[in-house]
Amino acid sequence: MRYISTRGGLAPLPFSDTILMGLAPDGGLALPESYPKVGRAQLDAWRNFSYAELAFEIISLFADDIPAADLKDIVERTYTEEVFGSADITPVKRLKDGLVILELSNGPTLAFKDMAMQLLGNLFEYVLDKKGERLNIVGATSGDTGSAAEYAMRGKHNVNVFMMSPAGKMSAFQRAQMYSLMDANIHNIAIEGMFDDCQDIVKAVQNDHAFKAQYKIGTVNSINWARVVAQVVYYFKGYFAATGSNDEQVSFCVPSGNFGNVCAGHIARQMGLPVERLIVATNENDVLDEFFRTGVYRPRTSVETRITSSPSMDISKASNFERFVFDLVGRDTEQVRALWAKVDSGEGFDLSAKLAEVRERFGFVSSKSTHEDRLDTIRKVDREDGVVVDTHTADGIKVAREVRRAGETVVCLETALPAKFAETIVEALGKQPPRPAGFDGIEDLPQKVTEFGANAADDVKSYIAKALA
């Protein structure tokens, strides 16, 4: 299998090379030349597989340049009960109204990002050892990507992490998870502004090709194709857990800001997983909801982006959305280039003529949730089911209940454990959320972070160069 860029300027590459690449040299994102197809016989064979067995089968379809024995070893070392706290890895719980919650937050940083990031850490180490190279990861986080990446990469040889986050915009727990890491290969950078200001710096670094080559810059954001592939696995696992046979269909409701998580669902559906609909749930930052309702993609400015109680979705431009639009416009790279030239100029674009295709061919629908909605949902789920959910998962549950059809099985993807957003849980329930063992007092640990103002791409590059000197 070979990988191309959404913007057409990349000679086809094998999987291992895409892992280290980040953005393609033309500014686009890597995708396979075509999606592998999964038939009924494979679904039947996979239904009772363990998570690691299923991950091996699915990732093998995308990573055929890694010897099977090596990939099997990587996957088996990644998806263990010791790391994820359960032999199921991603167990499900059913609410009384029939909604299914797919638990994705049992990894070391209590968020769904661990599902892919733990694999990525092991893949990086393997590929870098094989190539005899080093990699310096430059990333941005609105909350959970940063800590998941840092915990996956800490102590890994040949890897450094430079992670940017918006100063003061994450929860105290999220900041503590990242900034309290003292490993020599982990560097935290706080940027004055919003997540998108951090992401703009990542793209500026990625697009400085001389700097990128000199300092071996890569990424772990969902720009990275391997992240998306790893997330495809839990859609299959969630489907099997929520159904009794492969004759059934399910819909997935996904809290989404950057479009990476639901993009993996789109790919699973294109592969042949029996997915009826993909339900996108946003918070007040509703750039994706607006597109799926109207066909107009209108990125917000940093000033327009709102600070909310589900901060991991406080995003005004969805980095991964380009992969879906590439499929939507028939993989026309020239059109994608033209559309993203408009995005880069702050214009956005109008694909309302394709709205029927978005819904009927690709199965997308959406809605949004507000602060009051999520408080109400957290209270209702606690009262009726005795379950405390985090703010983002509450957004998903609210939207799923709003758009669910009669008889439709909806699987809501969990974003994180509620302990990461204690302030809002206390506001909703008047009590602290349950906190897993080992996380007491994390906010009181010493913290290490370097701060820069907005528009700090040159400052960040200087910091990276100095740290690697």
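Two strands count as paired if DSSP finds at least two bridges between them. In this predicted model, strand 9 (residues 250-255) and strand 14 (residues 410-413) meet that criterion, with three bridges in the parallel sense. Within this pair, Phe-252 stands opposite Val-411 of strand 14.

Both strands belong to an open sheet of six strands, in which the order is 3-4-14-9-10-13 and the pairing is mixed. The edges are taken by strand 3 (92-94) and strand 13 (364-368); each has a single partner strand, so one side of each has no neighbour in the sheet. From one strand to the next, the twist averages 25 degrees. Helix 13 (residues 287-294) packs on this sheet, where it touches strand 10 (275-282) and strand 13. The direction of helix 13 makes about 130 degrees with that of strand 13.

Tyr-151 lies in helix 7 (residues 145-153), and Gln-177 lies in helix 8 (residues 172-179). These two residues are 26 residues apart along the chain, and their C-alpha atoms are separated by 9.0 Å. Beyond its neighbours within four places in sequence, Tyr-151 contacts Pro-108, Thr-109, Gln-118, Gln-177 and Leu-181.

Is Gln-177 buried or exposed? Its relative accessible area is 0%, so Gln-177 is buried, the cut-off being under 20%. With residues up to four places away in sequence set aside, Gln-177 touches Pro-108, Thr-109, Ser-147, Tyr-151, Lys-420, Phe-439 and Ile-442. With one of these, Lys-420, there is a polar contact between side chains, at 2.9 Å.

Definitions and conventions: Residues numbered from 1 in each chain as written. Predicted model: local features only at pLDDT ≥ 70, side-chain atom pairs only at ≥ 80, totals over all residues. Heavy atoms only, no water. Helix = DSSP H or I, 4+ residues; strand = E, 2+ residues; numbered from the N terminus. Axes fitted to C-alpha atoms, helices over the stretch in contact; angles between N-to-C directions. Contact = heavy atoms within 4.5 Å. Buried < 20%, exposed > 50% of the residue type's maximum accessible area, 1.4 Å probe, protein only. Polar contact = N/O pair within 3.5 Å; in protein donor to acceptor, adjacent residues only side chain to side chain.
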